[in-house]
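Work through the exercises below with the model open. Each task is followed by a solution in steps.

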Amino acid sequence: MEVIVKKILFSIFLLAGVVSSSFGADRMYGKGQGFIGAEAGFGGIVDFNVGIVGGYQYYFQEDWQFAGFRHGIRGVGNISFGKHKGGFNNTNYSVMAIGAGADWTIEFTPNSRYNWGAFAGLGLVYANGLNEDSWYPLKSVYVDGHIGGSLNIDNTHKLEVGLGSGLSLISFRYTYMF
C-alpha cells in the first residue's frame, strides 16, 4: 500500500512539474493559469483572519503589453474565518466570509525568474458572524477594495502583500500557480 501511495504522489508531482514548466516567462502572453493558496490578514472587521483562495490569472496578448511589462486580469474567490475581540457592546465575535472579485495585475520583470508585480481590484464579500453568546448575528454584504505588491517565482509560486478594506486591512497571501 505504501508503494502505491508513493507512486501516486510521484506521478502528481511529476505532472505538476511538467505543467508548470510549460509556462515560460516569455510564453505567458495570451495564456492563463489557475491558482490555489492560503492567506492571513490583520485589522478591518476582525483582528485576525485566515483563509483559502483560488482563481484564474489571464495575461493579455503580447501586442497589448507596454514598456516591457506584462499585465492581465484575474478572478479570485476566497473563504476566510476571523476573530474579533471587544467589538460592538464589548462583545467578542467570529466571522466567516465568502468573497469573489477581480484584479488587474501587472508584472514589471516578466522575463526574470523573480518577477515583481502589483495588483488592484474590487470584490464582493458576504460576511456572517456570531458573538460568543450567539445573540448578536452579524450578516452583511460589502464591496472590498484592495491594492498590493507581489513576487512571482518561476511562474509557479506567488507571494503577495495587500492593503484593503473589509475583513483585513493588511493581508499576506501565498499561491501555487498551475
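Two strands count as paired if DSSP finds at least two bridges between them. The model is predicted.

**Exercise 1. Trace the sheet: which strands form the closed barrel, and in what order?**

Step 1. Follow the pairing around. The barrel has eight strands and is closed, running β1-β2-β3-β4-β5-β6-β7-β8. The pairing is antiparallel.

Step 2. Strand β1 (residues 32-42) is joined to β8 by eight bridges, and the two run antiparallel. Within β8, Arg173 lies opposite Glu39.

**Exercise 2. Find how many bridges link β3 to β4, β4 to β5, and β5 to β6.**

Step 1. Take β3 (residues 70-84) and β4 (residues 93-107). They pair over 15 bridges, antiparallel. Trp104 in β4 stands opposite Ile73.

Step 2. Move on to β5 (residues 114-131). Its antiparallel pairing with β4 also covers 15 bridges. Ala97 has Ala127 of β5 as its bridge partner.

Step 3. Go on to β6 (residues 138-153). β5 and β6 pair over 16 bridges, again antiparallel.

**Exercise 3. Which residue in β7 is the bridge partner of Gly148?**

Step 1. Locate the strand pair. β6 and β7 (residues 157-164) run antiparallel and are joined by eight bridges.

Step 2. Read off the partner. Gly148 is bridged to Gly162 in β7.

Step 3. Inspect the turn. Three residues separate β6 from β7 in a hairpin. One feature there is Asp154, whose phi is positive, about 55°.

**Exercise 4. Which elements give two or more residues to the nonpolar surface patch?**

Step 1. Collect the members. They include Phe42, Phe48, Ile79, Phe81, Ile147, Leu163 and Phe172. Together the patch residues have about 1,000 Å² of accessible area.

Step 2. Assign them to elements. β2 (48-59), β3, β7 and β8 (170-177) each give two or more residues.

Step 3. Pick the main contributor. β2 supplies the largest share, three residues.

**Exercise 5. Is Phe81 buried, partly exposed or exposed, and why?**

Step 1. Phe81 sits in strand β3.

Step 2. Recall the cut-offs. Buried means under 20% relative accessible area, exposed means over 50%, and partly exposed lies in between.

Step 3. Apply them. Phe81 counts as partly exposed because its relative accessibility is 45%.

How values were computed:
Residues numbered from 1 in each chain as written. Predicted model: local features only at pLDDT ≥ 70, side-chain atom pairs only at ≥ 80, totals over all residues. Heavy atoms only, no water. Helix = DSSP H or I, 4+ residues; strand = E, 2+ residues; numbered from the N terminus. Patch = residues over 30% accessible without salt bridge, like charges linked within 9 Å, V, L, I, M, F, W, Y side chains within 5 Å. Areas by Shrake-Rupley, 256 points an atom, 1.4 Å probe, with all protein chains shown as cover. Salt bridge = Lys/Arg side-chain N within 4 Å of Asp/Glu carboxyl O. Buried < 20%, exposed > 50% of the residue type's maximum accessible area, 1.4 Å probe, protein only.
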